Amino acid sequence: MRNIYGMTLDELEEYFLSIGEKKFKAIQIFEWLYQKKINNFDEITNIKKSVIDRLKIDFSLERLKTLKVERDVEVNKYLFELPDSERVESVLMRHDYGISLCISSQVGCNMGCAFCESGRLKKVRNLDASEMVLQILQVEEDINERISHVVIMGIGEPFDNYDNFVKFIKIVNNPKGISLGSRHITVSTCGIIPKIKEFSNLPFQVNLAISLHAANNELRNKLMPINKAYPLKDLISEIKKYIAKTNRRVTFEYIMLEGINDKEEDAIELCNLLKGINCYINLIPYNETNNFGYKRSKKSTILKFYDIIKSRGLNVTIRREFGSNISAACGQLRSKKEDL
């Protein structure tokens, strides 16, 4: 039985036509699901009972199970259990511009980044669109507030689950659905070039972020195995094509690892790599875990790195830190449970 939260409006319209009903009923269903937030098909009052009974046969409204919520100042971290008992995480962060939610797109990850907790427990499966959508709905239900921004950069590589990711965007961006503006959605990828090319053809102005973390192939090969398949020269070339086609600025994420990628020459190399590209550089203090030997760069080192980039005229920010008192690293809450 399909979970109805994984159906796009177009798919629901096709469904109603296939059972001999008018397709406008799909809009009514979207309104009940995402605006009135029903928990049971019997709550629908403007569709005849015979159709409601058919919906009960063909679709489920099954939710995720909330296993744990860790709360800190301006941040909540959620551990959800999926219908097959697998687990994923979502992280809520409160900003001055609104409330953002970082959601997961896969159970585990096969990208194998050397510093990343998410990839330590390998990919089990992709999330379907409903499991991504429900992360938003259930966090909104928990806080009784609207999520204003969503980032798909939790557990998993979204472009390794591309079809479900696209369905998710269609559902949450629809005005009758969650009605989240494209520019309030950001997807992060480690650099799967064919999917970046596909992504540039989408009719949505969703923001793109690239997990970079090194400015030369030798170091990036060690930190991010994906670089062996899609080396920096090819990745940067594709990003330039993406920007030319979409006229959208790209964010490059750079985790600061002590003694690994945080030296003055690393900053200069990064500037040379990204010079002339319409981008932001987001420096990210590393969230240390017990499972890797990497250490966070010292604050003074991060600030010096920032100053070097700024002095060369590139747009750079240092990511604000959240969750110092909880399992802050992506995938850390799930791996704690799995390691028990």
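Me: What conventions apply to the model and its residue numbers?
Reply: Residues are numbered from 1 along each chain as its sequence is written, and side-chain values use heavy atoms, with hydrogens and water left out. The model is predicted: local features need pLDDT of at least 70, side-chain atom pairs count only at pLDDT 80 or more, and totals for chains, interfaces and linings use all residues.

Me: How many helices and strands does the protein chain have?
Reply: Helices (H or I, at least four residues) and strands (E, at least two) are DSSP runs, numbered from the N terminus. The protein chain has twelve helices and 14 strands. Its radius of gyration is 21 Å, close to the 20 Å that the globule rule gives for 340 residues, so the chain is as compact as a globular protein of that length. That radius is taken over C-alpha atoms, and the rule is 2.2 Å times the number of residues to the power 0.38.

Me: What share of the 340 residues is buried?
Reply: Buried means under 20% relative accessible area, exposed means over 50%, and partly exposed is in between (1.4 Å probe, protein chains only). Buried residues make up 55% of the 340 in the protein chain.

Me: In what order do the strands of the open sheet lie?
Reply: Strands of a sheet pair through backbone hydrogen bonds, either parallel or antiparallel. Two strands count as paired if DSSP finds at least two bridges between them. Here ten strands form an open sheet in the order β3-β4-β5-β6-β9-β10-β11-β12-β13-β14, with mixed pairing. Its edge strands, β3 (65-72) and β14 (315-318), each pair on one side only. From one strand to the next, the twist averages 20°.

Me: Which strands pair with β11, and in what sense?
Reply: Strand β10 (residues 185-189) runs parallel to β11 (residues 207-211), and four bridges join them; S188 stands opposite A209 in β11. Four bridges also join β11 to β12, again in parallel, and L208 has V250 of β12 as its bridge partner.

Me: What about β12 and β13?
Reply: β12 pairs in the parallel sense with β13 (residues 279-285) over seven bridges. β12 is mostly covered, with six of its seven residues buried.

Me: How does helix α4 lie relative to the strands?
Reply: Axes are lines fitted to C-alpha atoms, for helices over the stretch in contact, and angles run from 0 to 180 degrees between N-to-C directions. Contact means heavy atoms within 4.5 Å. Helix α4 (residues 129-143) lies across β3, β4 (75-81), β5 (87-95), β6 (98-103) and β9 (149-152), at about 130° to β4. Of its 15 residues, 13 are buried, so α4 is largely enclosed by the rest of the structure. Just after α4, N144 takes a positive phi of about 55°.

Me: Is S200 buried or exposed?
Reply: S200 is buried, with a relative accessible area of 10%. It is found in the loop between α6 (193-199) and β11. A polar contact is a pair of N or O atoms within 3.5 Å; within protein, one must be able to donate a hydrogen and the other to accept it, and residues adjacent in sequence count only if both atoms are side-chain atoms. The backbone oxygen of K197 lies 2.5 Å from a polar atom of the S200 side chain. Not counting residues up to four places away in sequence, S200 touches Y242, K245 and T246.
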